Amino acid sequence: MVVALSNLEQTPLTGMRIPSEHAYSGHDQKFEAPQPMEMPAREAAIAILWGLLLIVLIAVAIRYTEMVSGNYISNGVPPLPAFAALLVMSIARPYLRKISPRLVPTRAQMLLIYSMLTVAVVLNGLYHVRAFLPHLVAMQYWGKESPPLAVFARMLPSWFAPHDIKAIAEYYEGNAPGGKIPWIIWKTPLICWSIFFLAGFIGVFSLISLVQRQWIHDEKLSFPLLAIPLALVSENEAEYGSRKARRNLFAIGFGIAFVFNAFNILHVLSPAIPGPGFEVRMTGAFTTRPWEPLQAVRFMYMLETIGIGYFVPLDITFSVWFFYLVNRAIAVGGAMAGIDTPGFPFAQEQSAGGYIAMGLILLWSLRRSLQDSLKRSFGILAATKQTGAERAAWTGLAASIFTLLAFCHLAGFSLWLSVPFFGVIGLFVLVYARIRAETGLPFSFIFPDGMPKELVLNTISTPSAISLGGTHSYVLFSAFG
């Protein structure tokens with residue numbers, strides 16, 4: 001029994017290596033037979049065990065660094081702990097080879113561990129579970145001081161969120177030394193929400209599984225964020241140069257980053273020592289109308305962004321800064337025209353509209369690929385070797401949609417609101433994944449945060465939303481936000 005990993009395909013655009021079933025031979029569009037990279041089940045099991053151990057250790061480290069010291073390490077794309085683990089494994093491999101060749105992790109094992117960490121690390125961080133839990137009980141906690149909030153809190157079903165005031169107070173304020181977590185109160189909501197999150201994860205995974213064939217094999221997207229991890233685990237000198245040259249380049253890059261950050265750290269400890277910082281703000285440079293919108297401009301020079309940004313296609317990097325300046329120019333023009341509406345020129349709303357438009361364009365471009373996949377999955381077209389995986393993806397997507405909407409219905413969240421809400425989120429997911437695959441921007445927030453809910457409400461209006469689902473449904477809409 002083996003676990004098969006796709007081999008790598010070189011794109012003519014960047015020369016980078018991306019997952020593929022066929023080896024691309026160049027601009028003549030010819031394909032060679034696949035050379036699959038296989039990992040025996042025993043090696044896969046060892047890699048999974050190591051991945052799980054690292055997940056636990058990193059979760060403990062995140063708990064201390066982020067909740068105690070206030071320094072955030074779980075964010076970013078790829079997340080720092082995942083990249084650090086891959087870097088340590090790649091550095092340790094030559095030394096392990098001298099000590100005991102059996103301890104040397106294979107390329108496939110390292111990539112499997114890295115893949116596990118890129119998912120798990122983020123879930124432990126600031127914007128995921130740690131944001132979800134307090135949001136779940138915020139109305140109940142503050143409702144003791146605000147009667148209207150207490151009324152709204154009672155509209156949340158008992159299985160949806162805890163309602164025990166003592167347990168919620170202990171969650172926010174801490175319990176007595178030696179006190180125990182009241183798991184009996186948290187058990188049901190956590191189980192129900194775990195089902196919800198699992199359904200969402202399966203739905204996204206299934207959706208991307210259905211579009212990956214066209215993106216990888218037909219459109220040959222470059223997946224820039226794969227460049228660094230693939231280079232780290234490779235020992236092919238024809239692809240990435242000799243070991244000596246790679247060590248020297250690594251030493252230079254590491255040295256520059258070390259000196260840069262060392263001066264920043266020393267500056268914090270002793271302000272008399274100059275530090276380069278990470279950005280230059282225009283806050284005090286434009287204090288009079290109509291130039292005030294330019295105060296928001298920041299010139300950032302974080303080394304990791306510059307390094308990973310090297311792999312982003314030039315047309316994308318140009319568009320990012322050019323249209324940012326266009327946005328600021330429109331804001332200045334609005335101020336010159338006397339437009340004082342807060343938020344003008346509404347970058348979040350414009351971005352949300354762009355996401356919807358791009359999502360619909362992507363769906364249209366995928367229509368034939370998805371139709372053929374659906375027909376193959378259910379026997380209308382001849383089956384291929386991917387048919388089983390496609391059928392599983394369609395089944396997973398359907399089961400995910402059913403579970404999410406059933407969860408909403410049982411909670412009292414009107415389907416008139418939940419269906420468009422999750423439809424918008426689905427389009428956002430598709431565009432977000434496309435941006436990752438095509439540009440590789442190393443930031444988390446490359447989407448208009450909070451806008452799926454606002455899009456629905458702005459489209460039908462708040463009074464209409466309340467008339468469709470009632471106050472109970474509107475409160476749940478906010479909870480799902």
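Select helix 3 (107-123) to begin: this helix has 17 residues and reaches 25 Å from its first C-alpha to its last, close to the 24 Å expected at 1.5 Å a residue, where the expected span is 1.5 Å times one less than the number of residues. Helices here are DSSP runs of H or I with at least four residues, strands are runs of E with at least two, and both are numbered from the N terminus. The model is a predicted one, in which local features need pLDDT of at least 70 and side-chain atom pairs count only at pLDDT 80 or more, while totals for chains, interfaces and linings use all residues. Residues are numbered from 1 along each chain as its sequence is written, and side-chain values use heavy atoms, with hydrogens and water left out.

Staying on helix 3, colour Ala108, Gln109, Met110, Leu111, Ile113, Tyr114, Met116, Leu117, Ala120 and Val121, which are buried; buried means under 20% relative accessible area, exposed means over 50%, and partly exposed lies in between, with a 1.4 Å probe and protein chains only.

Next, select helix 2 (residues 80-99), whose 20 residues reach 28 Å from first C-alpha to last, close to the 28 Å expected at 1.5 Å a residue. Its axis has a kink of about 40 degrees at Arg93, shortly before the proline Pro94, the bend being the angle between axes fitted to the seven residues ending at a position and the seven starting there. The buried residues of helix 2 are Pro81, Ala82, Ala85, Leu86, Leu87, Met89, Ser90 and Arg93, and they pack against helix 1 (41-69), helix 3 (107-123), helix 8 (227-233) and helix 10 (243-269); contact means heavy atoms within 4.5 Å.

Ser234 is buried, with a relative accessible area of 3%, and, not counting residues up to four places away in sequence, Ser234 touches Arg93, Arg107, Glu239, Tyr240 and Arg246.

Within helix 10, pick Phe260, which is buried at a relative accessible area of 13%. Leaving aside neighbours within four places in sequence, Phe260 is in contact with Pro276, Gly277, Phe278, Tyr301 and Leu303.

In the loop between helix 1 and helix 2, find Pro78, which is joined to Val77 by a cis peptide bond with omega of about 0 degrees. In the loop between helix 7 (183-218) and helix 8, stop at Phe223, which has a positive phi of about 50 degrees although it is not a glycine.

Then go to the loop between helix 12 (314-336) and helix 13, where Pro345 is found; the peptide bond from Phe344 to Pro345 is cis, with omega near 10 degrees. Phe346 is found in the loop between helix 12 and helix 13 as well, and its phi is near 60 degrees, a positive value in a residue other than glycine. At 31% relative accessibility, Phe346 counts as partly exposed.

Two helix pairs follow. Show helix 13 (residues 347-365) with helix 16 (residues 415-438), which pack at an angle of about 80 degrees with their axes 8 Å apart, so that helix 13 is roughly perpendicular to helix 16. Axes are lines fitted to C-alpha atoms, for helices over the stretch in contact, and angles run from 0 to 180 degrees between N-to-C directions; those under 35 degrees count as roughly parallel, over 145 as roughly antiparallel, 65 to 115 as roughly perpendicular and the rest as oblique. Among the residues that meet are Tyr355, Met358 and Leu362 in helix 13 and Leu427, Phe428 and Val431 in helix 16.

Now select helix 17 (residues 451-460) and helix 18 (residues 462-480), whose axes come within 11 Å and cross at roughly 155 degrees; the two are therefore roughly antiparallel to each other. Lys453, Val456, Leu457 and Ile460 in helix 17 meet residues of helix 18 including Thr462, Leu468, Tyr474 and Phe477.

Finally, select the cysteines. How many disulfides does a search of the whole structure find? The search finds zero, a disulfide being a pair of cysteine sulfur atoms within 2.5 Å. The sulfur of Cys192 is 13 Å from the closest cysteine sulfur, in Cys408, too far for a bond, and Cys408 counts as buried at 0% relative accessibility.
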